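Here is a short report for a reader who is new to this structure. Look over the sequence and the model first, then read on.

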Amino acid sequence: MKKKADAEKASALLSKLAASVPNDAVKLLFLDDEDLSVLESLDLFLLSEIKRSPSGAVEMKFVDRLAVIRELMELKKTENAAAEDSFYAALDRSAMLLKDEPKDK
């Protein structure tokens, strides 16, 4: 059961990453000291690293969305395969139970 919950959390996280946009990260660059109250409302989910050099240059690194989408697709494939396997396993168990039942004639 824990594996299913972990898979659901991973799927939710990957979905959020895939749907996020970097607009708020760019807004972050232009915030003044007075505007820091909006910091908590910014969607910085895609931002993986930010560096500011002594000269004032800013370097921002973002999560690779293509890799996130690939991982999400693989996770969905795995979930679908597991669901199919459990369906066929249940079908096999049912068939075995029916096979072992005495037949009324």
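## Inside the fold

Leucine 17 touches Phe45, Leu46, Val63, Arg65 and Val68, leaving out residues up to four places away in sequence. The model behind this contact list is predicted.

Leucine 17 also belongs to the largest nonpolar core. That core has 7 residues: Leu14, Leu17, Ala18, Leu46, Val68, Leu72 and Leu75. Helix H1 and helix H3 (65-100) each supply at least two residues of this core. In soluble globular proteins, nonpolar side chains tend to be buried together.

Now the overall plan. The protein has 3 helices and 2 strands. Along the sequence, the pattern reads α-α-β-β-α. Of its 105 residues, 13% count as buried.

Serine 20 sits in the loop between helix H1 (2-19) and H2. Is serine 20 buried or exposed? Its relative accessible area is 4%, under the 20% limit, so serine 20 is buried. The serine 20 side chain reaches the backbone oxygen of lysine 16 at 2.8 Å. Serine 20 is also in contact with Asp43, Phe45, Leu46 and Arg65, once neighbours within four places in sequence are set aside. Phe45, Leu46 and Arg65 are also among the residues that leucine 17 touches.

## Salt bridges

How many salt bridges does the structure hold? The count is 5.

| Aspartate 24 | Lysine 27 | 3.5 Å |

Salt bridges that share partners join Glu49, Lys51, Glu59 and Lys61 into one network. Each member of the network has its own accessibility value. Glutamate 49 is partly exposed, with a relative accessible area of 30%. Lysine 51 counts as partly exposed at 42%. Glutamate 59 is partly exposed at 39%. Lysine 61 is partly exposed at 35%.

The pair in helix H2 is a separate case to look at. Aspartate 24 and lysine 27 are 3 residues apart in this helix, so about one helical turn separates them. Aspartate 24 is buried, with a relative accessible area of 15%. Their side chains meet in a salt bridge at 3.5 Å, N to O.

## The surface

The protein exposes about 8800 Å². Carbon and sulfur atoms supply 58% of that area.

Which residues make the nonpolar surface patch of about 440 Å²? They are Val26, Leu29, Phe30, Ile50 and Val58. Leucine 29 is found in helix H2, which covers residues 23-29.

## In brief

Leucine 17 is one of the residues of the largest nonpolar core. Serine 20 is buried in the loop between H1 and H2. A network of salt bridges joins Glu49, Lys51, Glu59 and Lys61. Leucine 29 is one of the residues that make the nonpolar surface patch.

Methods:
Residues are numbered from 1 along each chain as its sequence is written. This is a predicted model: local features need pLDDT of at least 70, side-chain atom pairs count only at pLDDT 80 or more; totals for chains, interfaces and linings use all residues. Side-chain values use heavy atoms; hydrogens and water are left out. Patches are made of residues with over 30% relative accessible area and no salt bridge: like charges are joined within 9 Å, nonpolar side chains (Val, Leu, Ile, Met, Phe, Trp, Tyr) within 5 Å. Accessible areas come from the Shrake-Rupley method with a 1.4 Å probe; for residues, only the protein chains shown count as cover. A salt bridge is a side-chain nitrogen of Lys or Arg within 4 Å of a carboxyl oxygen of Asp or Glu. Helices (H or I, at least four residues) and strands (E, at least two) are DSSP runs, numbered from the N terminus. Buried means under 20% relative accessible area, exposed over 50%, partly exposed in between (1.4 Å probe, protein chains only). A polar contact is a pair of N or O atoms within 3.5 Å; within protein, one must be able to donate a hydrogen and the other to accept it, and residues adjacent in sequence count only if both atoms are side-chain atoms. Contact means heavy atoms within 4.5 Å. A nonpolar core is a set of buried Ala, Val, Leu, Ile, Met, Phe, Trp, Tyr and Cys residues joined through side-chain atoms within 4.5 Å.
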